[in-house]
Amino acid sequence: MEEKDNKRHVGFLTERMLRGFGVDVVIDRTAKELVKNGFEVTVFCINTDGTYKNKDYKIIQICSGLHHNQFKTERSARKALKRLNCETDIDIWIAETYPFFLATRIMDKPVIVVDHGVVLTKGLHFLRRIIFAYIKFMQNYLYFTHAAKVVNISRFTQSLTPKLLRKNQTVIYNGADNYKYPSDDEITEFRKKHGIKADDFVLLYVGRINPKNQPYKGTRELVESFRYIKKKHPKVKLIIAGFGDENDRKWLESEGVIPFICADDNTLALLYSVTNCYATASKWEGFNLPLVEAAHFSVPCVAYNAGAHREVVDEKSGFLVNSRKEFVTRIDEIVADKEKRQIMARNAKENASRFLWSKAGLEYKQIIKEIFSSEKQNLNANRRKQEKYDQDIVDVITLNFNGKKYLEPLFNSLRKQTYNNIRVTMVDNGSDDGSADYVINKFPWVNVIRSKKNLFFSRGNNLAVSKTKGEYIFFVNNDVILERDAIQNLIDTMKEKGKYNIASIAAKMLFCKNKKIIDSAGVVMTSNGAPFNRGVGQIDIGQYGQIEEIFGACFGAVLVRRNVYENIIGPLDNSYFGYFEDVDWSFRARIFGYKSYFCPNAIIYHDHSGTSKKLGYEWKYYLIHRNFLKTIIKNFKFKGMLFKGGRKTLELINHLRKTDNSKRRWSIIKILAHITFSLPGLIKKRIIIQSKRCVSDHECIKFSEGEYSFFDAVNYEPILTLDTLEAMFARLDMIKNFKNTEVSEIVSRITYLNERKMMIEIGEWEKRTTKLIESLEKYIGKDYVEKFIDAIIDKKIWKKI
């Protein structure tokens, strides 16, 4: 039983994981102790700055807004929690901060809440006092009452909660052993760097600094007390470290205080090591982690007899005072009496031994064990039966419509994959070329689903998804060939990025007939709503050579998590038939707060529109423009929908008036008629999507900035111009952090000639441009040097575009 418990997956829920906040330190240490005790741990937070990045547990940034309006904050958190509730592999949640105490009312798995207390509101603005009163009421009476367990960080915070919670409460003290002891050489160097002499007396305070935003912390009183002590004892120095800004730094420096704004772990350890007395004038503390950290470094303290101080400070290790006069007197006593100070220092170290993270970790482990051994909580944990997927299995799904000639190369490349946990399913969309029988006979390990009619892209893929159960789904076109490690690299990227906030991982697709040319490095959506394949038409010179966050993925080759696809974002829209399904799905994922990434090492060769191009461009034109309008109506915010949808409709009407092509006229009429009759259904879908919105349109499409298409979709060939070269090398320069002199120089030369092609004498311009293109042979190859010269110099393609 114990071994099984130890393998449980714990999910922490918190507002942030940032440097300078005590609660964030507590979460980090608690998570690490649970890992030591055999648990898997993931921390979900809204904001993170990388301070706590580590190998012990994962930190996942979730999309949930923080607003001045608490109702908006809670609404946003509720959306995020509902998404996380679909994660079947989290066994128990630990909610550390507001607004995530809401989890007790939403999550199907047990939720432990950690009460760090609601701060003293005396001295705060009236509206802030109202907000804190609201938070206190909601968490004590609506959220904590539904928790599997309420953990208080002290008996003091426990005393502030209603008595009705007592039976379900326990106290777990934080640990004091947060930092390693620095060496003597490091301490000496630190003293020298900051002008702290051996005979100086150092007072230290660690915590929030700003006296206006956190008046209860008493930093102004501490500074004023320091002024008085400094007059009597000139060797006294006051160091204040903690969360603050540049204004706080200037204020402290003007008062003769040494400031350390948002100090890192190493700096804090050094500060504790050079300190003689820890002093705090705070009037409220739920635990006071810095005070016990200082005690761990044998530092006595002077603190107000408030909050949890009487629990963490004994009479031998520090002084607890009740007035400003007594506060100054006790500091003066410690400064003056070296012998007493040394005795108190030894006692402080001994007192701090009560507060160890190893002890806290074992207590959390015991609570989790008790929760899962409780019949009541087991019933609560299984309120909603969740289907378990086949872990680590990738279901490869491909569609086929009369594409027999493409299937052998595809399945041979799948059979050679280095990632072994794959199952392959092919939906045959009513082919009449014998494709299904061919696959059944030659590739018996492929699961073939026959359809009597063409289900098209969305319905066909959704049918296959409903017949499979792998944890991951890899959608892939039938006209592709995969490199051996393509799926393995996609899986690695998914896991590296944390998976829980990931919608999709896009592969790098190159043209099968010309492996130098990029077909897709993800999907782009421009500010006017027009999408295209990222990087399409460019020569692959490494400009898309790193893992990057992108707008979305081309479903010609994409890895998605089944749980996200089925339960959160939803499947591909069955009404699309072909084209834009992936754009619509990616947009939806972005709106719901999920991310997409591009994996440059997952390389796939694609015969662009290998199946569809034989059906004619007019068919493609109809689907693209029809589905473009549907995507705009469903996904953009109201103003964006009106502006972009209206502009696109006017463009189509104008084209209808001017074109003499009867087929094109008929296509446009069909588009407008379809949208008109589909509008009620589109509005219904729009209402559902917008009700789950977490981010703005700008946040969705910002990853598309600076991307351009260099592909002729009618003739199926790249567009070779100086603009193409400029985009390629400018992006290569960017991912090399503008440190490659040669690439930067190439960009400058291309830009110069591109901007002056109508100014420089044509003969001179052609000569200089030819020389430039010839110098790029090591990047683009000799054959493309000739092609670019032919297109730019001889055919002057740029004049015809």
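User: Which residue is the bridge partner of Phe475 in β24?
Analyst: In β24, Phe475 has Val558 as its bridge partner. This is a predicted model, in which local features need pLDDT of at least 70 and side-chain atom pairs count only at pLDDT 80 or more, while totals for chains, interfaces and linings use all residues. Residues are numbered from 1 along each chain as its sequence is written, and side-chain values use heavy atoms, leaving out hydrogens and water.

User: How many bridges join β17 to β24?
Analyst: There are 5 bridges between β17 and strand β24 (residues 557-561), and the two run antiparallel. Two strands count as paired if DSSP finds at least two bridges between them, and helices (H or I, at least four residues) and strands (E, at least two) are DSSP runs numbered from the N terminus.

User: And what stands opposite Phe475 in β14?
Analyst: That is Ile397, which stands opposite Phe475 of β17. Strand β14 (residues 390-400) pairs with β17 in the parallel sense, over 5 bridges.

User: Is β17 (residues 470-476) mostly covered or mostly open?
Analyst: Strand β17 is mostly covered, with 7 of its 7 residues buried. Buried means under 20% relative accessible area, exposed means over 50%, and partly exposed lies in between, for a 1.4 Å probe and protein chains only.

User: Which residues touch the most other members of the largest nonpolar core?
Analyst: They are Phe411, Phe474 and Leu482, in a core of 97 residues. A nonpolar core is a set of buried Ala, Val, Leu, Ile, Met, Phe, Trp, Tyr and Cys residues joined through side-chain atoms within 4.5 Å. A second, separate core has 95 residues, including Ile229, Ile240, Leu252 and Phe355.

User: What does Phe474 touch?
Analyst: Leaving aside residues up to four places away in sequence, Phe474 touches several residues, among them Val396, Ile397, Leu482, Val558 and Ile604. Contact here means heavy atoms within 4.5 Å.

User: New topic: what is the strand order in the open sheet of 6 strands?
Analyst: The order is β10-β9-β8-β11-β12-β13, with parallel pairing. β10 (258-261) and β13 (318-321) are at the edges with a single partner strand each, so one side of each is left without a neighbour in the sheet. From one strand to the next, the twist averages 20 degrees.

User: Which helix packs on that sheet?
Analyst: α10 does, touching β8, β9 (236-242) and β10, and its direction makes about 140 degrees with that of β8. Axes are lines fitted to C-alpha atoms, for helices over the stretch in contact, and angles run from 0 to 180 degrees between N-to-C directions.

User: At what angle does α7 cross α10?
Analyst: The axes of α7 (residues 184-193) and α10 (residues 265-274) come within 10 Å and cross at roughly 85 degrees. The two helices are therefore roughly perpendicular to each other, a label given from 65 to 115 degrees, with under 35 being roughly parallel, over 145 roughly antiparallel and the rest oblique. In this contact, Glu186, Ile187, Phe190 and Arg191 of α7 meet Thr267, Leu270, Leu271, Ser273 and Val274 of α10.

User: Which peptide bond is cis?
Analyst: The bond joining Tyr98 and Pro99 is cis, with omega about 10 degrees, and Pro99 lies in the loop between β4 (92-95) and α4 (103-106).

User: Last one: is Lys499 buried or exposed?
Analyst: Lys499 is buried, because its relative accessible area is 14%. Although Lys499 is not a glycine, its phi is positive, at about 55 degrees.
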